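This report describes one protein chain for a reader who is new to structural terms. Please keep the sequence and the model in view while reading.

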Amino acid sequence: MRIKTLRYFVYIAASLIFLGNGCTPDDSWKTSSQDPEILHKCVKNLTNIIVYDIFSPPVASRIYTYTNIAAYEVLVKDHPEYKSLAGQLTGLEAVPAPDTTREICYPLAAIQSFLTVSRTMVFSEDKLSAYEKDVMDQFRSLGVPSDVFQNSLDYGTLVGKHILDWSSKDNYKQSRTFPKYTVDNKQPARWTPTPPDYMDAIEPHWSRIRPFVIDSATQFIPVRPTDFSTDTTSQFFKEMREVYNIGKNLTEEQKNIAQFWDCNPFVTHHQGHVMFATKKITPGGHWMGISLIACRKEKTDIMRSSEVYTRTAIALADAFISCWDEKYRSVMIRPETVINQYLDEEWRPLLQTPPFPEYTSGHSVISSSAATVLTDLFGEPFAFVDSTEKEYGLPERSFNSFLEASAEAAVSRMYGGIHYRPACENGVVQGKKVGTFIVENLKTREAEQAN
């Protein structure tokens with residue numbers, strides 16, 4: 001009897017110690033489920049699927065944005081110091097509130113919301129399902145109780161469907177049925193398909209996609225490109241010759257820079273009668289990778305990480321809308337076409353020319369926009385090693401700031417032979433305007449945004 005009594009008091013004492021530490025023996029999942037690596041791996045897995053499915057850069061930016069907003073809007077329910085994006089993003093209404101009588105593991109619900117949106121936007125559902133099984137097994141291994149697990153899945157699905165309903169009204173589905181771009185061969189200044197495959201123009205109607213923060217696709221129209229001219233003394237001819245001369249005299253470092261920032265999701269190769277393609281990360285995917293690197297360096301928690309991914313994705317998406325609006329307004333001819341016709345028919349750029357008009361440079365615009373937002377989030381200087389392209393066989397590159405990286409991304413397009421100087425320099429200005437507008441008009445903290 002005395003032994004039983006002693007055991008009882010030992011049990012009570014142990015229980016009190018657990019309670020004194022603010023937890024019970026079986027609720028360690030509440031801490032372990034907050035591991036930001038769960039979100040990092042989820043975003044990285046989405047990038048892998050986007051690469052596999054060969055989504056164009058603008059479409060990829062849309063996927064990144066809706067999926068990360070879905071996760072953010074769940075996590076914010078557990079973090080009152082952060083603000084919902086409802087009422088701040090065009091057309092986004094408040095997501096359903098969680099049932100306060102049911103316990104929810106918010107990180108699990110956020111991942112479920114992310115995956116619910118992803119499933120509708122990618123093609124390779126088998127790859128997504130395989131990842132989903134792995135991540136759900138991970139949460140189960142953390143000891144999330146079965147009722148909490150189901151509550152979390154239910155709430156994540158509910159929020160994901162809310163975001164999907166909002167996404168269905170952005171004109172994307174309708175744009176799939178819009179007419180193909182018609183090449184105007186009568187005007188020598190206008191873009192025409194380029195070697196080696198002479199592909200049709202990609203996303204000629206992207207400017208009609210609903211923006212997230214900017215007022216419209218036309219809000220930040222850049223200065224006009226240089227007037228086309230074949231006069232050898234003209235400014236345009238000088239800009240065209242500059243691209244030609246750089247391409248003919250590339251240093252090893254310039255080649256490395258061009259290839260590091262290539263980010264062409266579908267590079268074709270021809271050997272005799274055989275054609276094969278190399279799949280690579282998109283420009284937006286590269287900057288989502290940089291976001292991951294920054295988060296890991298700063299050891300950001302899961303909520304802060306979600307904020308970084310979401311703001312960066314929005315900066316990329318609105319920058320693509322702004323840039324593509326200009327591309328199909330000016331419909332500027334690519335250097336490869338002009339150089340082959342008026343200077344050297346054998347010349348080829350280092351990089352494969354993407355299938356859409358030249359002005360402005362997409363990478364310049366989106367990189368500047370993303371770098372502006374990331375600088376606001378992490379401050380400057382922010383030194384980092386960019387290993388994003390390592391898995392594609394390219395060495396790491398080091399930068400002292402996001403803006404330094406974005407400047408290199410911009411000039412890389414001249415080294416690659418696919419843009420004239422004004423497209424890069426004016427693209428940087430355009431992207432900075434987009435990014436600055438997002439910084440000033442999108443608030444994710446209840447207190448003033450601080451670095």
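## Serine 361 and its surroundings

Serine 361 is in contact (heavy atoms within 4.5 Å) with Cys323, Lys327, Arg413, His419, Ala423 and Cys424, leaving aside its neighbours within four places in sequence. This serine 361 has its place in the loop between helix H13 (335–342) and helix H14 (362–378). Helices (H or I, at least four residues) and strands (E, at least two) are DSSP runs, numbered from the N terminus. Serine 361 counts as buried because its relative accessibility is 0%. Here buried means under 20% relative accessible area, exposed over 50%, and partly exposed in between (1.4 Å probe, protein chains only).

## Basis of the model

The model is predicted: local features need pLDDT of at least 70, side-chain atom pairs count only at pLDDT 80 or more, and totals for chains, interfaces and linings use all residues. Residues are numbered from 1 along each chain as its sequence is written, while side-chain values use heavy atoms, with hydrogens and water left out.

## The chain as a whole

The protein chain has 16 helices and 4 strands. Its radius of gyration is 25 Å, close to the 22 Å that the globule rule gives for 451 residues, so the chain is as compact as a globular protein of that length. The radius is taken over C-alpha atoms, and the globule rule is 2.2 Å times the number of residues to the power 0.38. Along the principal axes, the C-alpha atoms fill a box of roughly 105 × 45 × 40 Å.

Of the 451 residues in the protein chain, 57% are buried. Among contacts between residues at least 6 apart in sequence, 80% join residues at least 24 apart.

## Helix H15

Helix H15 covers residues 402–415. At 1.5 Å a residue, its 14 residues should span 20 Å, and the end C-alpha atoms are 20 Å apart, which agrees. The expected span is 1.5 Å times one less than the number of residues.

H15 is mostly covered, with 10 of its 14 residues buried. Among them are Phe402, Ala405 and Arg413; Arg413 is also one of the contacts of serine 361. Glycine 417 follows H15 and has a positive phi, near 80°.

## Valine 95

Valine 95 lies in the loop between helix H4 (57–75) and helix H5 (106–121). With a relative accessible area of 6%, valine 95 is buried. Leaving aside neighbours within four places in sequence, the contacts of valine 95 are Glu73, Lys77, Tyr155, Val159, His162 and Ile163. Valine 95 and valine 74 are 21 residues apart in sequence, and their C-alpha atoms are 8.5 Å apart in space.

## Backbone details in loops

Two cis peptide bonds may be located. One joins proline 195 and proline 196, with omega about 5°; proline 196 is in the loop between helix H8 (172–175) and helix H9 (235–248). Another joins glutamate 380 and proline 381, with omega about 0°; proline 381 is in the loop between H14 and strand S3 (384–386).

Isoleucine 54 has a phi near 55°, a positive value in a residue other than glycine. Isoleucine 54 is in the loop between helix H3 (37–53) and H4, and at 30% relative accessibility it counts as partly exposed. Lysine 299 has a positive phi near 55° and is likewise a residue other than glycine. The loop that holds lysine 299 runs between helix H11 (283–298) and helix H12 (302–330), and lysine 299 is exposed, with a relative accessible area of 71%.
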